[in-house]
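Please read the following report alongside the sequence and the coordinates.

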Amino acid sequence: MPSHVLARKWRPQSFIEVIGQPAIVQALTHALESGRLHHAYLFSGTRGIGKTSLARLLAKCLSCEQGPTVTPCGHCNPCLAIAQGNYLDLLEIDAASRTKVEDTRELLESVQYPPIMGRYKIILIDEVHMLSGHSFNALLKTLEEPPKHVIFLLATTEPEKLPNTVLSRCLHFTLKPLSSEALSHHFSHILQQENIVFEPNALALIAKSARGSVRDGLSLLERCIAFCDDNITVDKISELLGLADSHSVQLLLDALLQNDAVSGLTVIRQLAEKGVDFSEVLEAFMTLLHQLALQQALEKNNSAAMSPERIQLYYQIALMGRRDLALAPDQQMGFEMLYIRLLAFQPWQDDSDISPTVKKNF
Ligand SMILES: [Zn+2]
């Protein structure tokens, strides 16, 4: 599957399909339904989060022959042309590649003419903070006295770089990074539609790696589909992402509880041979401790093998280890030292905590 196919195919076509931005969707819906439209909207947020997708969707809502509407029909001329990227009344500019004053001037001059076929002339400027100072002035002039038929849709990853004079004339929406849960849910919807089999936990791993970005998540999902041969499993994804499989992490904890340094260090060596990222292993180890602690707290069910104090101690050592791992000469060495430290901090005072065989070893 060619890259970015999923991202294009699953770009939101209506507000219902926009994920993770309920407040913004609500505000835009209200504006469209009440007909109280602003002449300039600014969408900010980290890369790959869906700013330009949202701007294009708004352009469609404004331009649809059935509109302005919250639910563009998707098959009239403006809807189709916007989807194909060739609608004459939607002018798209990527300021990251077009920062020359003449370009902006040329664009702003064309703004004075009425739209060719639609209701509005819509100017979408991506990465607007990268416009030159002169271009900003040209933009500002138009923003100060915008012709009635013009709507600006601005997008940026760095709104703080925009002059206040521009900011104050825009309705500013900040897109939130997507939670792993929202991304997982989105991916599972897509895979079901695409008839691809998957394990839900595998999607959680992909979502976590995407770190809040829909675009990164979808391109990763595409790689995973290709790699997994249409059956997305935790093991395959762990292999692809260089993650420690959950089994290895459990073995590390088991060996620790048995005070079995040989087994623990063997697991670490095997992980190193697979080329895993040990900061991910540490994260997975901490997640496992967190799950155990939650389980104990909620079920008031203290396991004989591991007291709440012991979990807290391990968690604290692991937490400090995150910093040390980055400073160690290499990751494996750092992780081994951390593991040996965990082994060294067996809670002597808590006799009930240690099985007879383990006690003998002390
Ligand atoms: Zn339409």
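## Terms and basis

Helices (H or I, at least four residues) and strands (E, at least two) are DSSP runs, and they are numbered from the N terminus. The model is a predicted one, in which local features need pLDDT of at least 70 and side-chain atom pairs count only at pLDDT 80 or more, while totals for chains, interfaces and linings use all residues. Residues are numbered from 1 along each chain as its sequence is written, and side-chain values use heavy atoms, with hydrogens and water left out.

## Backbone features in loops

Pro68 lies in the loop between helix H3 (51–63) and helix H4 (77–84), and the peptide bond that leads from Gly67 to Pro68 is cis, with omega near 0 degrees.

Asn195 belongs to the loop between helix H8 (180–193) and strand E6 (197–198), and its phi is positive, near 55 degrees, in a residue other than glycine. Asn195 counts as exposed because its relative accessibility is 69%, where exposed means over 50% relative accessible area, buried under 20%, and partly exposed in between (1.4 Å probe, protein chains only). Asn259, in the loop between H12 and helix H13 (261–274), likewise has a positive phi near 55 degrees although it is not glycine.

## Two buried sites with polar contacts

Ser44 is placed in strand E1 (residues 40–44) and counts as buried because its relative accessibility is 2%. Its side chain makes a polar contact of 2.8 Å with the side chain of His172; a polar contact is a pair of N or O atoms within 3.5 Å, where within protein one must be able to donate a hydrogen and the other to accept it, and where residues adjacent in sequence count only if both atoms are side-chain atoms. With neighbours within four places in sequence left aside, Ser44 is in contact (heavy atoms within 4.5 Å) with Lys51, Thr156, Pro159, His172, Phe173, Thr174 and Leu175.

Glu127 sits in the loop between strand E3 (121–126) and helix H6 (133–144), and it is buried because its relative accessible area is 17%. The side chains of Glu127 and Thr157 are joined by a polar contact of 3.1 Å. When neighbours within four places in sequence are set aside, the residues in contact with Glu127 are Asp94, Ala95, Ala96, Ala155, Thr156 and Thr157. The C-alpha atom of Glu127 is separated by 8.8 Å from that of Ile93, and these two residues are 34 residues apart along the chain.

H12 contains 12 residues and reaches 17 Å from its first C-alpha to its last, close to the 16 Å expected at 1.5 Å a residue, the expected span being 1.5 Å times one less than the number of residues. Buried residues in H12 are Ser248, Val249, Leu252, Leu253, Ala255, Leu256 and Leu257. Asn259, the residue with positive phi described above, follows H12.

Helix H12 (residues 246–257) packs with helix H16 (residues 331–344) at an angle of about 40 degrees, their axes being 9 Å apart; axes are lines fitted to C-alpha atoms, for helices over the stretch in contact, and angles run from 0 to 180 degrees between N-to-C directions. Leu252, Ala255 and Leu256 in H12 meet Phe335, Tyr339, Leu342 and Leu343 in H16. The residues of this contact divide into seven nonpolar, no polar and no charged, where Ala, Val, Leu, Ile, Met, Phe, Trp, Tyr, Cys and Pro count as nonpolar, Asp, Glu, Lys and Arg as charged, and the others, Gly among them, as polar.

## Leu282 and Phe335

Leu282 is found in helix H14 (residues 278–299) and is buried, with a relative accessible area of 1%. Not counting residues up to four places away in sequence, Leu282 touches Ala318, Gly321, Arg322, Leu325, Phe335 and Leu338.

Thr29, in helix H2 (residues 22–34), is buried with a relative accessible area of 17%, and it touches Phe15 and Val70 when residues up to four places away in sequence are not counted.

Pro114 lies in the loop between helix H5 (101–111) and E3 and counts as exposed at 55% relative accessibility. Pro114 touches Lys121 and His149, residues up to four places away in sequence not being counted.
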